[in-house]
Amino acid sequence: MKSTFIIYRYDPEVDTQCRYQEYSLETAPTDKILDCLNRIRWEQDPTLAYRFSCAHGICGSDAMVINGRIELACQKLIRDFRTANNFVIEPLPLFNVVKDLIVDMNPFFEKHRHIRPYLINDTDAPERERLQEADNQQFIEPALRCILCASCTAACPISRANPDYFGPAALLRSFRYLFDSRDAATGSRLAQIDSSDGVWGCKTMWWCTDVCPKGIPVTKCLGQIKRLVKEKEKDRT
Amino acid sequence: MNHQYDVVIVGSGLAGLRAAIELGEDTRTAIISKVFATRSHSGAAQGGIGAALGNEEEDHWKWHMFDTVKGSDYLGDQDAIEILTRDAPRTIFELEHMGVPFNRTDDGKIAQRAFGGHTSNFGKAAIKRACYAADRTGRVILDTLWEKCLQRGIDFFNEYQIMNLTVRDGQCCGVTAYELATGELHHFHSKSVLLATGGAGKIYRTSSNAFASTGDGMAIAFRAGAALEDMEFVQFHPTGIYKLGILISEAVRGEGGILRNNEGERFMERYAPTIKDLAPRDMVSRCILREIQSGKGIEGKDYVFLDLTHLGKDLIASKLGEISGFARTYAGVDVNKEPIPVQPTCHYMMGGIATDTDSRVKIDDQNQTIAGLYAAGECACVSVHGANRLGCNSLLDVLVFGRRAGRSMRRYIHTIGLPSLAGDDPTAETAEQIAKLMNSTGKERSNIIRTEMQAIMMDNVSVFRHKDALRKVMDKLSLLKERCQNISIQDKGRCFNRDLLDAMEITYMLDLAEAITLGALNRVESRGAHFREDYPDRDDQNWLVHSLFRYAGQEPPQFLTKPVTITDFEPKERKY
């Protein structure tokens, strides 16, 4: 089957503004969109730039906009689209484009770093493992599926409106540590995100949940954080 | 641009990150990686990490050691395997203390499950030894260690491609790297360098490996004088998704999944009566292909079924969520209702840069080293995996030996000052290489050469091998190497020039493919993952030795051997 790919192009060394370039390619229903991009690059245009690595949805490199929706290029097959012969491919929104489909993810990872994404527990560790209830581990399990592809944050309308908002991905990582029974920094973690740039920035619009390629209920996890903030407030009064 | 550090680590997978943590806050450490750190291929490890914790049933490190030795088909060095398995429980507890979210038992301990080739009491029955976090164990460890490094403030240079090692008077004192976003060359001047660059599975057509797994570190070290070891031992994981090679974890069989042929028969019962589907990977891969050869592939094609329909929705959802998604997305299969079509896929390099147990890189069979140069993880060969790696021993390897690399570099850097580079420009050689490539008017394209290499390696140097085919492959590879001289780069830009990267990667892979094939040709026996149709038996008399390869430019590598270290377990027939 012949498919057409209309791809967003921008080369900072040449272009003053972005443009769209059309490629056509013989495709099979089981081809991944990433396979198609690779073939365009190998067979037609070696200058096309995009990120990729594992090619099966675990490294998180290749989130992009395919026919108007944020997807992982390696996790979507030709057959997954109703308009199977026409594709428009664009870089993730929200971030600055570096070249073609490659965006500058530094602001995303800056926010990630900001929420202190590591276990904080100053008590002496036992000789063997710290015990943790299986239910507690299962409670944070959805957040462990996160591959830091930035789809949720790129989709989030609040992130687009408020550049200081932590964004769903960073808050999801916050959830992962807040609810881990081995973490001892609940108070200071909550204090850090109890603001309109933090968890209250979330207006429960579900876009993050909708686009998450790993099926993580991001909005729900953020809701758990909000509930925890309220509970702790009540405890104090 | 020039940088100065005590230690430069190349590769941001688990070996590199673990080494960085071990180096401590008082060591100036840089990690450079061709991909952003969390994209490293360690994150694709699914099933688990082995350690004799005994949380689910009685276990001892010595049993783990025996299984690893036997799994290696007695080629693994037993002193190194003892270090690996003895240090395993400590390694797991340390990960847990750092925050790794392992699945738990009902009493709150780290949960464990069965895995291929892991047994109790020296081979009596399968044992639960693999610690896991669902089927995304590598990913959660990668995230945890990366975040630990963020906390430590370690300097990451993401999307920097290593180009050359700087070696002066037998001492490694830095690396030259190419910044993908700008095309700028950087020199990292350091007292010590760790290569933790992972595997080279992209040498083969069907592979579970990431696009980044092109063996850059192995090839660069090889060219700089390091010896490669046991390269002919390439692991084909039995259960890649048909045609795609995407990994379906051994954890599926650890949790009770069953391989079936076109008659619905559980054929592994015939080949490995004691542990059946949990036999080691080399054996299961061969058995699958034997079934296919005897006409028992599904619909007469070259795949079999991996059946988990009897495991139950709850178990699948809580412990095998990731692979259920892969089967649904890529094979259109609902694992609760239908079996997954699978076939062997290139998965892991047992061979790599020859190192001692303190991760120092060796140059020959006399244990001479390149001062300051270290290697750990899949790119290295200690050797703990010998002729065949057991499942869930690779995460253990990268963490145990990544830590040891960090520890020995830490000792080393206190004994020397920053080596002098005496006024020369260490990036000059690399700049020349790049200019030559960029200005080449040759007619060859790297992707065509790569496709040809992947096809001949897959068809002739994978699970089954034969002298006649291997000879032809050697000739073909040398032709492909020649054709590489005529690759031209069509992308003339400096920003994310993937065309240039492809052209470099193919030369790395060809050097390694040549070592793999030469080893496969010279080793006239069958052992572990190396199976010669024309020499189907193991030959301990002549071949209980490691293969060593030394770089010889356009010529095929020089081939040497060195003895295997045997301490506790004398070689025996390998039956399961």
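1. Chain A has nine helices and seven strands, where helices (H or I, at least four residues) and strands (E, at least two) are DSSP runs numbered from the N terminus. This is a predicted model, in which local features need pLDDT of at least 70 and side-chain atom pairs count only at pLDDT 80 or more, while totals for chains, interfaces and linings use all residues. Residues are numbered from 1 along each chain as its sequence is written, and chains are lettered from A and ligands numbered from 1 in the order in which they are written.

2. The C-alpha trace of chain A spans about 65 × 40 × 30 Å along its principal axes. Of its 237 residues, 49% count as buried; a residue is buried if 20 or more other C-beta atoms lie within 10 Å of its own, exposed if 12 or fewer, and partly exposed in between, with C-beta atoms placed from the backbone. Among the contacts in chain A with a separation of 6 or more, 65% are between residues 24 or more positions apart, two residues being in contact if their C-beta atoms, placed from the backbone, lie within 7 Å.

3. Helix H6 of chain A deserves a point of its own. Eleven of the eleven residues of H6(A) are buried, so this helix is largely enclosed by the rest of the structure. The buried residues include A:Pro168, A:Leu171, A:Phe175 and A:Leu178, and the buried residues of H6(A) pack against H2, H3, H4, H7, H8 and H9 of chain A.

4. One of these neighbours can be described further. The axes of helix H2 (residues 106-114) and helix H6 (residues 168-178) of chain A come within 9 Å and cross at roughly 25°, the axes being lines fitted to C-alpha atoms, for helices over the stretch in contact, and the angles running from 0 to 180 degrees between N-to-C directions. H2(A) and H6(A) are therefore roughly parallel to each other, since angles under 35 degrees count as roughly parallel, over 145 as roughly antiparallel, 65 to 115 as roughly perpendicular and the rest as oblique. The contact is made by A:Phe108, A:Lys111, A:His112 and A:His114 of H2(A) together with A:Ala169, A:Ala170 and A:Arg173 of H6(A). These residues divide into three nonpolar, two polar and two charged; Ala, Val, Leu, Ile, Met, Phe, Trp, Tyr, Cys and Pro count as nonpolar, Asp, Glu, Lys and Arg as charged, and the others, Gly among them, as polar.

5. Helix H9 of chain A has buried residues A:Val218, A:Thr219, A:Cys221, A:Leu222 and A:Ile225, and what covers them includes helices H3, H4, H6, H7 and H8 of chain A. The 19 residues of H9(A) should span 27 Å at 1.5 Å a residue, and the end C-alpha atoms are 28 Å apart, which agrees; the expected span is 1.5 Å times one less than the number of residues.

6. A:Ile225 lies in H9, which runs over residues 218-236 of chain A, and counts as buried because 23 C-beta neighbours lie inside 10 Å. Leaving aside neighbours within four places in sequence, A:Ile225 is in contact with A:Leu171, A:Ser174, A:Phe175, A:Leu178, A:Ile193 and A:Val199.

7. The contact between the chains takes 44 residues from chain B and 41 residues from chain A. On the side of chain B that touches chain A, helices H4 (88-98), H5 (137-152), H11 (321-331) and H16 (498-522) of chain B each supply at least two residues, and the largest share, six residues, comes from H5(B). That side of chain B divides into 18 nonpolar, 13 polar and 13 charged residues.

8. Within chain B, helix H15 (residues 467-484) and H16(B) pack at an angle of about 160°, with their axes 10 Å apart, and are therefore roughly antiparallel to each other. The residues of this contact divide into twelve nonpolar, two polar and four charged.

9. Most residues other than glycine have a negative phi, and most peptide bonds are trans. B:Asp230, not a glycine, has a positive phi of about 50°; this residue is found in the loop between strands S10 (228-229) and S11 (234-241) of chain B and counts as buried, with 30 C-beta neighbours inside 10 Å. B:Lys243 also has a positive phi, of about 75°, and is partly exposed, with 16 other C-beta atoms within 10 Å. The peptide bond from B:Val382 to B:Ser383 is cis, with omega near 10°, and B:Ser383 lies in the loop between strand S18 (380-381) and helix H12 (394-413) of chain B.
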